[in-house]
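Dear colleague,

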Amino acid sequence: MSIAFIDLQAQRARIADRIDKAVLEVVHDGRYVMGPWVSQFEQELATFSSAKHALGCANGTDALVLPLMAWGVGPGDAVFCPSFTFCATAEIIPWEGATPVFVDIKPDTYNMDPDSLEAAITMVKAEGKLVPKVIIGVCLFGQAADYRALRAIADKHGMKLIADSAQGFGTTIDGRHPTDWADAVTTSFFPAKPLGCYGDGGAVLTNDTALANLIDSYRVHGKATPEDLATHKFEHDPRYLNMRVGINSRLDSIQAAILIQKLAIFADEIEARNRVAARYNAALAGHVKQIPHVPDGFVSTWAQYTIEHDNRAGLIEHLKSQGIPAMVYYPVPMHRQGPYAHYPMAPGGLPVSDAKAASVLSLPMHPYLDEATQDAVIAAVIGYSA
Ligand SMILES: *Cc1c(COP(=O)(O)O)cnc(C)c1O
């Protein structure tokens with residue numbers, strides 16, 4: 001028996017006709033970059049997550065750096081983020097010359113611990129060398145961070161809040177999307193993410209129109225915004241009026257056309273993922289060290305189904321022998337990675353991040369995981385733990 005960790009072909013089987021038709025439509029049309037599919041998808045994406053604006057870009061990493069560029073974050077600024085995350089969350093901070101400050105996570109949700117954040121901000125302020133500017137919360141494994149608490153801390157200190165929702169796009173708290181709390185929500189359309197395309201892609205969502213206009217400028221080489229044009233005399237194509245040093249970060253028309261089809265079934269897929277997670281949870285509770293905890297009112301998109309085990313290596317070996325893939329996200333937290341080890345972290349270190357990195361493993365999870373396959377995974381995990 002061979003089991004897929006994430007079965008993208010199962011999804012493809014469901015909507016292959018629609019996707020192939022959409023791709024060929026773009027191929028025949030010829031508007032490959034910034035074609036009408038991009039703006040259609042941006043509108044539908046904004047509607048899906050109750051945001052005023054959605055801006056496509058080249059990948060989820062660029063989506064994170066674009067708001068930093070728009071806010072002018074640079075040398076001397078502190079940006080607070082978790083250490084237990086995919087590296088892109090932290091990587092974009094030194095890109096802008098700013099300093100990442102690593103914050104610990106909560107042991108049950110793996111998401112940013114507001115107390116650790118508050119302590120880190122207080123420490124940075126007391127040292128007086130860096131100015132606290134931005135908080136980046138991460139929807140790790142698909143579940144929203146406690147954005148209510150993070151928003152309150154951001155407001156208290158006059159800081160901006162980004163929700164890195166690359167893994168959690170579609171997650172809600174009491175029915176509300178992270179766009180309700182974060183100044184900018186970012187996501188990735190890398191194929192294995194819950195909402196993925198057939199290559200690279202990303203987006204920024206925001207309710208802040210001025211921020212949206214600036215991001216639109218930065219993603220196209222710093223082109224003029226509507227405000228720039230209103231205050232400048234320029235008789236040529238505004239794309240060639242460069243108001244700031246930008247980048248080239250666009251979503252391709254083909255990817256947007258694919259994403260329009262995938263977004264149409266995304267809500268249904270989130271429900272399917274939740275059914276799989278509920279079955280896993282019910283069967284595995286009490287058999288492993290920890291099963292995922294989703295607080296009341298939160299809905300996860302289950303980018304990963306992650307458990308903890310005291311003998312992780314042994315369990316992974318056992319699963320592999322039964323044809324069941326398991327992955328470790330993430331074995332080394334950012335504050336232990338060479339290029340990042342010298343950056344500051346919350347007072348007292350990051351004991352929870354360190355402990356989790358040593359015991360987490362993720363099991364096969366996708367919307368098309370049938371019950372027989374779930375049962376095989378469950379039996380193998382319980383068989384090892386018994
Ligand atoms: C995947 C991911 C990103 C980066 O997305 P790319 O599209 O690969 O650039 C950023 N943050 C998190 C948490 C991710 O999982």
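**The ligand and its surroundings**

Around the ligand there are 13 residues, of which Gly60, Thr61, Asp164, Ser188 and Lys193 come nearest, where a residue is counted as near if one of its heavy atoms lies within 4 Å of the molecule. Please keep in mind that this is a predicted model, in which local features need pLDDT of at least 70 and side-chain atom pairs count only at pLDDT 80 or more, while totals for chains, interfaces and linings use all residues. Residues are numbered from 1 along each chain as its sequence is written, and side-chain values use heavy atoms, with hydrogens and water left out.

An N or O atom in the side chain of Thr61 is 2.5 Å from an oxygen atom of the ligand, a polar side-chain atom of Lys193 lies 2.7 Å from a ligand oxygen, and an N or O atom in the side chain of Asp164 is 2.7 Å from a nitrogen atom of the ligand. Taken alone the ligand exposes 380 Å², and the protein buries 92% of that; accessible areas come from the Shrake-Rupley method with a 1.4 Å probe, and for residues only the protein chains shown count as cover.

The ligand sits in the largest pocket. A pocket here is an open set of points on a 1 Å grid over the protein atoms alone, where a 1.4 Å probe fits and where protein lies on both sides within 12 Å along at least five of seven lines, and a molecule sits in it if more than half of its atoms lie within 2 Å of its grid points.

The shell around the ligand divides into 4 nonpolar, 7 polar and 2 charged residues; Ala, Val, Leu, Ile, Met, Phe, Trp, Tyr, Cys and Pro count as nonpolar, Asp, Glu, Lys and Arg as charged, and the others, Gly among them, as polar. Helix 3 (60-70) and helix 4 (88-95) each supply at least two residues of that shell, with helices (H or I, at least four residues) and strands (E, at least two) taken as DSSP runs numbered from the N terminus.

Thr61 is found in helix 3 and is buried, with a relative accessible area of 18%, where buried means under 20%, exposed over 50% and partly exposed in between, with a 1.4 Å probe and protein chains only. Asn59, in the loop between strand 1 and helix 3, is partly exposed at 22%, and its C-alpha is 7.3 Å from that of Ala203, although the two residues are 144 apart in sequence.

**Backbone points to check**

Most residues other than glycine have a negative phi, and most peptide bonds are trans. Met34, in the loop between helix 1 (8-29) and helix 2 (36-48), has a positive phi near 55° and is partly exposed, at 34%. Ser50 also has a positive phi, of about 45°; Ser50 is found in the loop between helix 2 and strand 1 (53-57) and is partly exposed, with a relative accessible area of 46%.

The buried residues of helix 11 (residues 312-321) are Arg312, Gly314, Leu315, Ile316 and Leu319. The peptide bond from Tyr329 to Tyr330 is cis, with omega near 0°, and Tyr330 belongs to the loop between helix 11 and helix 12 (351-359).

**Two polar contacts within the protein**

A polar contact is a pair of N or O atoms within 3.5 Å; within protein, one must be able to donate a hydrogen and the other to accept it, and residues adjacent in sequence count only if both atoms are side-chain atoms. The side chain of Lys223 makes such a contact with the side chain of Asp216, at 3.2 Å; Lys223 is in the loop between helix 7 (209-219) and helix 8 (226-231) and counts as buried at 18% relative accessibility. The side chain of Asp375 makes a polar contact of 3.1 Å with the side chain of Arg279. Asp375 lies in helix 13 (residues 371-385) and is partly exposed, at 36%.

With best wishes

Key: 1 Å grid on protein atoms, 1.4 Å probe; cavity = no way out; pocket = protein on both sides within 12 Å on 5 of 7 lines; lining within 4 Å.
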